[in-house]
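Welcome, and thanks for opening the viewer. Could you load the model, switch to a cartoon view and keep the selection tool at hand?

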Amino acid sequence: IGGNFHVAGPLPNANAVVMLPGAQILANAITSGNGGNIDLWTDYYTLAAGSISAQGGAQGGSCGFVETSSHNYLEVDGITVNTSATKGKFGEWLLDPADLTISAGANANVTVSSPFQPTAASSVLNVTTLTNALALSNVTVQTVSNAFSGSCDITVATAISWYSPYSLTLTAINNIYLNANIMAPIGGLNLGGTTITSGSEGLPSATGVTAAINVGTFNLFQGSWIQVNSSLPTFAVNNNFQINSGS
């Protein structure tokens, strides 16, 4: 809807896509088989509410892939995404705005009438929306370059906590700022950026924050991990710790 996956393919791109609360998009396998793939894409503004599901079959089959993306502004407040599987591999939900803050705040920086064009580069992902999604699927948040010359950063401004085997992947073209705790004792955390700064003095909108990590699996797949506070945040990995690339 609004374009092809990852902006690749023959379909023309929409300026704006709005999925209203109460709407449903379903690509579920019924008995056995894999879930389908669902994409909401726009050049300017994507609003995704309601529910999206791409589940594997009850008797076997992996889940599908869900992408809700925009080249500029993405709003996903109130959406439910389910890519869980009973007997197959988990699916994934991908969000890729220009730059993004995960917080308890409301969505901002967008015009209130059609064509719903953004007024700034930044997007906000409500932490409750994110944790609800992590109860049902893997979630990937990655930044892309945009027309507003945004910072292409990801900032975790509010603590994230979930108790499920699913993983959160944060991939930034520029930097990731961890200004709050991330707690997922049986879940996974995958990080990639230019720098990933945890518990640092002088972060955007934060000074002297302490961002603790407690996860089941951890993978630094790109960038430099930095902790510079005089009192370092606690860091615990309960199962599998990896550094695939970075320092």
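A residue counts as buried when its relative accessible area is under 20%. Keep that cut-off in mind for this tour of a predicted model.

**First stop: asparagine 82.** Select asparagine 82, which sits in strand β7. Its relative accessible area is 15%, so asparagine 82 is buried. Now show what surrounds it: beyond its neighbours within four places in sequence, asparagine 82 is in contact with Ile52, Ser53, Ala54, Gln55 and Leu136.

**Second stop: the sheet.** Next, colour the open sheet of 3 strands, which runs in the order β2-β4-β7 with parallel pairing. β2 (24-26) and β7 (80-82) are the edge strands; each has a single partner, so one side of each lacks a neighbour in the sheet. Look along the sheet and you will find a twist that averages 5° from one strand to the next. Then zoom in on β2 and β4 (residues 51-53), which pair in the parallel sense over 3 bridges. Here glutamine 24 stands opposite serine 51 of β4.

How many aromatic pairs does a search of the whole structure find? There are 6 aromatic pairs. Select tryptophan 225 and phenylalanine 235, an edge-to-face pair at 5.7 Å centre to centre with 80° between the planes. Tryptophan 225 belongs to β17 (residues 213-226) and phenylalanine 235 to β18 (residues 235-243), so this pair ties together parts 10 residues apart in sequence. Phenylalanine 235 is partly exposed at 33% relative accessible area, and phenylalanine 241 is partly exposed at 46%. Finally, select Phe218, Trp225, Phe235 and Phe241 together to see one aromatic cluster.

Note on methods:
Residues numbered from 1 in each chain as written. Predicted model: local features only at pLDDT ≥ 70, side-chain atom pairs only at ≥ 80, totals over all residues. Heavy atoms only, no water. Pairing = 2+ DSSP bridges. Helix = DSSP H or I, 4+ residues; strand = E, 2+ residues; numbered from the N terminus. Axes fitted to C-alpha atoms, helices over the stretch in contact; angles between N-to-C directions. Buried < 20%, exposed > 50% of the residue type's maximum accessible area, 1.4 Å probe, protein only. Contact = heavy atoms within 4.5 Å. Phe/Tyr/Trp six-rings, centres within 6.5 Å; stacked < 30°, edge-to-face > 60°.
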